[in-house]
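Have a look at the sequence and the fold, then read on.

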Amino acid sequence: MNDFFFLFIMVAIGFIAYKIKWFSKSFIEALGPLLLKICYPALIIKSMTAINIKDYGGKAFTVVIITLLTTTALFFGGKFAMRKIPRKKSVPLNFILGVGNVNYIGLPIIGLLFGPVGVFYAVTHSGIQDFFVWLLYYPTFINKKGKNVFKIIASPCIIALIIGIALSFFGDRFKLPEFAVMTISQIAGLTSPLAMLFLGATIASNPIFGFLRDRNSIFMPIVKVLLLPAVLFPFYYFTSGLPMAVIMCTLFACPAPIMSIIWSHETGHDYKLCSDTIVFSTFLFLAAIFPALYFLSKTISL
């Protein structure tokens, strides 16, 4: 229960600090890259070296297959379902439906509640979705077909995953120096508190009730955070078991990605809709999914 309250307190501190102007917009903009390029890679390497990767290779393959099939279905199914919605709204909404804020919200929460194995599954899922993000979703924003494989491979989290897997495989032959292990561990420990501060400040930087001005910013979070996991859970449960079903449903239920605002703003799509959707989907996730996930984490074992 202490972990549960800790995360909510950190979100509240981030929210209040931004509202009373202790945190500025430039602080939020700097905190995001700090998490993505330094803290998360450290968390990934720490988690990978804490487990024997050979024992979880089969389950990682399951994560890959589930992510590939589900993301593909959501991409094409979403395009079909939203074909009558103006493109200015349908493109970012389809992105939000298929891709969640795994890096900033899902990864630290799953890591805190499920430990290194949970982080391994979350990073595997995120890595596979990165291919969809750049090969399918981003081209719909710029209305072009193209590939940007370099951006995927050059991602700090993907590089950290590769390093972590190598260290896990060859840990009996090669070990990092003690000072490196301690440094990585200390940086990784910053991930959850900084991520929750970032989340609270991000919520505070947007109009709290802005989502009421567009029904799409209400309907999409309900579908993504509540209905989608309910539909996916039986399939995941009967094919992969309860632990995997809980992890995968959580990953696909993660709130709308912050990238949707950036891409929409750059390409002339409805970025205010994205902002409102992020706020409401985050509220729903913290109010419904996170408490359920906390109690499930105490009853299942990965």
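In which helix does Val279 have its place? Val279 sits in helix α13. This is a predicted model, where local features need pLDDT of at least 70 and side-chain atom pairs count only at pLDDT 80 or more, while totals for chains, interfaces and linings use all residues. Residues are numbered from 1 along each chain as its sequence is written, and side-chain values use heavy atoms, with hydrogens and water left out.

Let's stay with Val279 for a moment. Its relative accessible area is 2%, so Val279 is buried (buried means under 20% relative accessible area, exposed over 50% and partly exposed in between, with a 1.4 Å probe and protein chains only).

Now for the whole protein. It has 13 helices and 0 strands (helices are DSSP runs of H or I with at least four residues, strands are runs of E with at least two, and both are numbered from the N terminus). Of the 302 residues, 53% are buried.

| Residue | Relative accessible area | Class |
|---|---|---|
| Val279 | 2% | buried |
| Asp270 | 15% | buried |
| Leu69 | 58% | exposed |

Asp270 also has a partner: its side chain meets that of Lys89 in a salt bridge, at 2.9 Å from N to O (a side-chain nitrogen of Lys or Arg within 4 Å of a carboxyl oxygen of Asp or Glu). The pair links distant parts of the chain, with Lys89 in helix α4 (residues 87-98) and Asp270 in the loop between α12 (259-267) and α13 (271-297), 181 residues apart. The count by this rule is 1 salt bridge. Side chains of opposite charge can pair when their charged atoms come close.

Leu69 belongs to helix α3 (residues 57-81). Together with Phe61, Ile65 and Leu68, Leu69 makes a nonpolar surface patch of about 380 Å². Patch members have over 30% relative accessible area and no salt bridge, with nonpolar side chains (Val, Leu, Ile, Met, Phe, Trp, Tyr) joined within 5 Å and like charges within 9 Å. The areas come from the Shrake-Rupley method with a 1.4 Å probe, and for residues only the protein chains shown count as cover.
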